[in-house]
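Please open the structure in your viewer and keep the selection tool at hand.

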Amino acid sequence: MLNIPPRAELHQRPIETPRVRLVPVDPSDGQELWNAVNPSRAQLKRWLPWVEYHTDPTASGRFAEACASDWDQGRAVRFVIRDRERRGLLGIVGLEQCVHLHRSCELGYWLRNEAVGRGLMTEAARACVDFAFRRMAAHRVRVAAGTENHPSLAVIARLGFRFEGIAREAEWCDGRWLDHAVFGKLSTDP
C-alpha cells in the first residue's frame, strides 16, 4: 500500500531543494493559483485540458479545495511549487491517480510563464518523484506528455524515466487530439 503522510506534516516540514519549496496545495491557495494560471493561459491550454475550465478565482478555489480533499482521501498528492526565497507560487507538481494496491501513481506538473526555462520544473519534479519512492513507498511512477510538448519531454528525460510507448489520441485538448508519449520509472530502477 502507498503511505501518504498527512498534509499537516508537509506543511510543517515542506520539501525543499536549492531553489524551490514544495508544500501541499491548501484551500487558501485559490487566489494565488488564479494569479499564476490566468496570465499563463495561452501557453498552458496547449497541453492541459483543464485550463479552459479554470475560468475565475472561484474555480481556482474549488480546485484548491479538491486538492486538499484528494490528498486526505489518498487519491492524489499535489504540491504548490514556491520560490524558496520569495515564496511566490510558481506552479504545481503532483502525483495523480494513486493506486494503493499497485503502489503506483502518475506525475503531473505545470509552471507559470515567468518560471519556465530555468530548470525549476526538473528540480521540483525530481523532488516529487523522490517523495513518491522514499516517503510514499511507490513502486511505479508513470508520466505522459504530448509528443510535441518538447519542454515537458525534456523534463521527463532529465528525470530518467524510460519510454514505454505512444498512446494515440490520448487526450482532447485545445481543439485537437494529443498523442501522448508514455514513460515509467520503478523504485528498482537505477
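The stops below concern nonpolar cores, aromatic rings and charges placed over rings.

This is a predicted model, in which local features need pLDDT of at least 70 and side-chain atom pairs count only at pLDDT 80 or more, while totals for chains, interfaces and linings use all residues. Residues are numbered from 1 along each chain as its sequence is written, and side-chain values use heavy atoms, with hydrogens and water left out.

**The largest core**

Select Leu22, Phe79, Ile81, Val93, Leu95, Leu107 and Phe161, which have the most contacts inside the largest nonpolar core, a group of 41 residues. A nonpolar core is a set of buried Ala, Val, Leu, Ile, Met, Phe, Trp, Tyr and Cys residues joined through side-chain atoms within 4.5 Å. Buried means under 20% relative accessible area, exposed over 50%, and partly exposed in between (1.4 Å probe, protein chains only).

Next, colour the elements that give two or more residues to this core, including strand E3 (77–83), strand E4 (89–99) and helix H5 (120–134). Helices (H or I, at least four residues) and strands (E, at least two) are DSSP runs, numbered from the N terminus. Helix H5 gives the most, with ten residues.

Now centre the view on Leu107. Setting aside neighbours within four places in sequence, its contacts (heavy atoms within 4.5 Å) include Val93, Leu95, Ala125, Val143 and Phe161. Apart from this core lies another, of 16 residues, among them Trp47, Val51, Cys67 and Trp110.

**Aromatic rings**

Rings of Phe, Tyr and Trp (its six-membered ring) pair if their centres lie within 6.5 Å; planes under 30 degrees apart count as stacked, over 60 as edge-to-face and the rest as tilted. The count comes to five aromatic pairs.

Select Phe79 and Phe131: their ring centres are 5.3 Å apart and their planes are at 90°, so the pair is edge-to-face. Phe79 in strand E3 and Phe131 in helix H5 are 52 residues apart, and the pair links distant parts of the chain. Phe79 is buried at 0% relative accessibility, and Phe131 is buried at 3%.

**Charges over rings**

Finally, select Arg176 and Trp47: the charged end of Arg176 sits over the ring of Trp47, 5.1 Å from its centre. The criterion is that NZ of Lys or CZ of Arg is within 6 Å of the ring centre and within 35 degrees of the ring normal. Likewise, the charged end of Lys185 sits over the ring of Phe161, 5.8 Å from its centre.
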